[in-house]
Amino acid sequence: MAVDLHRFANPARFMRLTDAIFPWSLGLTVLLLASGLYYALIASPQDYQQGETVRIMFVHVPAAWMALSVYSMMAISAAVGWIWKHPVADLSAKAAAPAGACFCFLALVTGALWGQPMWGTYWVWDARLTSMLILFFLYLGYMAIWEAFDDQSKAAKAAAILVIIGAINIPVIKFSVDWWNTLHQPASVATMEGPKIHSSILTPLLLMAGAYTALFVTIFIIRVKAEILDRRLRIMRMNQVQEKGLKG
Amino acid sequence: MTRKRRRLYFVFAAVAVLGLAATLVLMSFEDSLVFFRSPSDLAEKPMPAGRNFRLGGLVAEGSVVKDGVEIRFVVTDMAENVPVRFRGLIPDLFREGQGVVAEGQLDEQGVFVASNVLAKHDENYMPPEVAESLKKAGHWEPKSEQEEAN
């Protein structure tokens with residue numbers, strides 16, 4: 001495993017790989033988002049209880065999935081970055097954070113908009129909603145730490161500690177609806193008995209989940225590339241200053 | 001042991017310890033983490049009249065009575081029942097056989113006087129025609145909700 005990681009730890013090779021993936025992920029985003037939205041908003045039936053309001057679910061549920069999986073990916077990246085000192089891994093976690101925070105925010109807002117007509121309230125402090133709000137604050141805290149340090153290697157270390165500690169929250173969010181009784185409904189798709197969603201409603205949901213994933217990969221590639229170039233620029237500037245100092 | 005190896009073990013150990021700590025904390029706060037109490041919970045650990053809490057379960061079939069602005073119904077978890085009284089607006093999803101969470105307190109007669117009623121949605125999603133044909137075929141059972149309430 002370590003050998004493979006070293007291959008991708010080389011920024012030049014990493015960028016060649018992401019450059020090759022980019023047009024595919026971009027194309028897939030457009031394709032899946034267009035078909036997903038068509039099925040979600042027009043072609044899928046109403047729900048027998050919720051009526052048209054069920055359509056909020058197609059935006060809400062994949063956003064929540066992404067918020068959890070992007071955070072998990074950040075925690076793993078940050079751990080790899082700290083253990084093996086691979087700068088690309090640190091930058092990957094940093095590059096993913098704003099996208100993950102946006103997915104988390106989207107899940108919270110669409111959840112509130114669904115809750116008002118269905119539950120009769122925008123917000124309750126149940127275990128699922130509260131742990132999801134904590135996840136949003138973890139994202140914000142993680143991004144704030146990167147801004148708080150001038151020394152990027154110190155920032156990477158502090159941010160890694162936060163994101164790894166916060167990873168405890170991920171299983172809590174996932175299983176909150178099983179461990180405690182909550183107002184939020186339990187899992188519908190990933191259950192032991194199989195999905196509890198009729199295929200006509202499940203199809204647009206999975207299309208949207210694919211679209212969000214492709215969208216994330218696309219944004220991630222742009223951002224991680226910018227981070228790598230930014231790092232190169234810093235190093236070049238520092239070298240310049242040093243050279244000037246030596247000459248003067 | 002190399003430094004990398006040491007850092008790797010350190011991360012594993014730290015995550016294990018943190019996970020254990022989080023588990024213990026969450027287990028000890030169990031009572032405040034549950035969003036509502038079921039009628040069976042109440043039968044086990046009765047609440048004094050006048051103390052605020054949330055009661056959750058299914059709206060018993062055939063129990064809803066509308067009396068002007070007041071609505072009366074029974075919350076059940078198929079084992080125990082609690083009668084509920086409420087004045088105010090009820091959410092769209094409120095109906096017999098569906099999940100409900102009511103905030104309020106018990107009065108002296110053991111009737112739960114709700115100040116707010118929230119509908120609880122279950123994890124089943126399907127088009128109306130499918131629900132209709134399931135009902136006709138006699139496969140209709142809101143089973144998951146009952147398990148949950150218990």
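In the hairpin of strand 3 and strand 4 of chain B, four residues sit between the strands, and Met78(B) takes a positive phi near 75°. This is a predicted model, in which local features need pLDDT of at least 70, side-chain atom pairs count only at pLDDT 80 or more, and totals for chains, interfaces and linings use all residues. As for labels, residues are numbered from 1 along each chain as its sequence is written, while chains are lettered from A and ligands numbered from 1 in the order in which they are written.

Back to Met78(B): this residue has its positive phi although it is not a glycine, and its place is the loop between strand 3 and strand 4 of chain B. Met78(B) has 16 C-beta neighbours inside 10 Å, so it counts as partly exposed. (Buried means 20 or more other C-beta atoms within 10 Å of a residue's own, exposed means 12 or fewer, and partly exposed is in between, with C-beta atoms placed from the backbone.)

Now for the whole chain. Chain B has five helices and six strands, and along the sequence they read α-α-α-β-β-β-β-β-β-α-α. The radius of gyration of chain B is 22 Å, well over the 15 Å that the globule rule gives for 150 residues, so the chain is more spread out than a compact globule. (That radius is taken over C-alpha atoms, and the rule is 2.2 Å times the number of residues to the power 0.38. Helices are DSSP runs of H or I with at least four residues, strands are runs of E with at least two, and both are numbered from the N terminus.) The C-alpha trace of chain B spans about 75 × 45 × 25 Å along its principal axes, and buried residues make up 26% of the 150 residues.

| Strands of chain B | Sense | Bridges |
|---|---|---|
| strand 1 (53-59) and strand 3 (70-76) | antiparallel | two |
| strand 2 (65-67) and strand 3 | antiparallel | three |
| strand 3 and strand 4 (81-87) | antiparallel | seven |
| strand 1 and strand 5 (99-106) | antiparallel | six |
| strand 5 and strand 6 | antiparallel | eight |

Val59(B) is bridged to Val75(B) in strand 3, Leu55(B) stands opposite Ala102(B) in strand 5, and Gln105(B) has Val113(B) in strand 6 as its partner.

The turns have positive phi values too. With two residues between strand 2 and strand 3 of chain B, that hairpin has Gly68(B) at a positive phi near 65°. The hairpin of strand 5 and strand 6 of chain B has five residues between the strands, and Gly110(B) in its turn has a positive phi of about 85°.

What about the packing? The largest nonpolar core has 94 residues, and among those with the most contacts inside it are Met74(A), Val163(A), Val84(B) and Ala102(B). (Such a core is a set of buried Ala, Val, Leu, Ile, Met, Phe, Trp, Tyr and Cys residues joined through C-beta atoms within 7 Å.) Helix 3 (residues 55-83) of chain A gives the largest share of this core, 18 residues. Leaving aside neighbours within four places in sequence, Ala102(B) is in contact with residues including Leu55(B), Val75(B), Val84(B), Phe86(B) and Phe112(B); contact means C-beta atoms, placed from the backbone, within 7 Å.

Finally, the interface. There, 32 residues of chain B are in contact with 34 residues of chain A. On the chain B side, helix 1 (3-28), strand 6 (112-120) and helix 4 (128-137) each give two or more residues, and helix 1 of chain B makes the largest share, eight residues. By class, this side of chain B has 21 nonpolar, four polar and seven charged residues. (Nonpolar covers Ala, Val, Leu, Ile, Met, Phe, Trp, Tyr, Cys and Pro, charged covers Asp, Glu, Lys and Arg, and polar covers the others, Gly among them.)

Methods:
Contact = placed C-beta atoms within 7 Å. Pairing = 2+ DSSP bridges.
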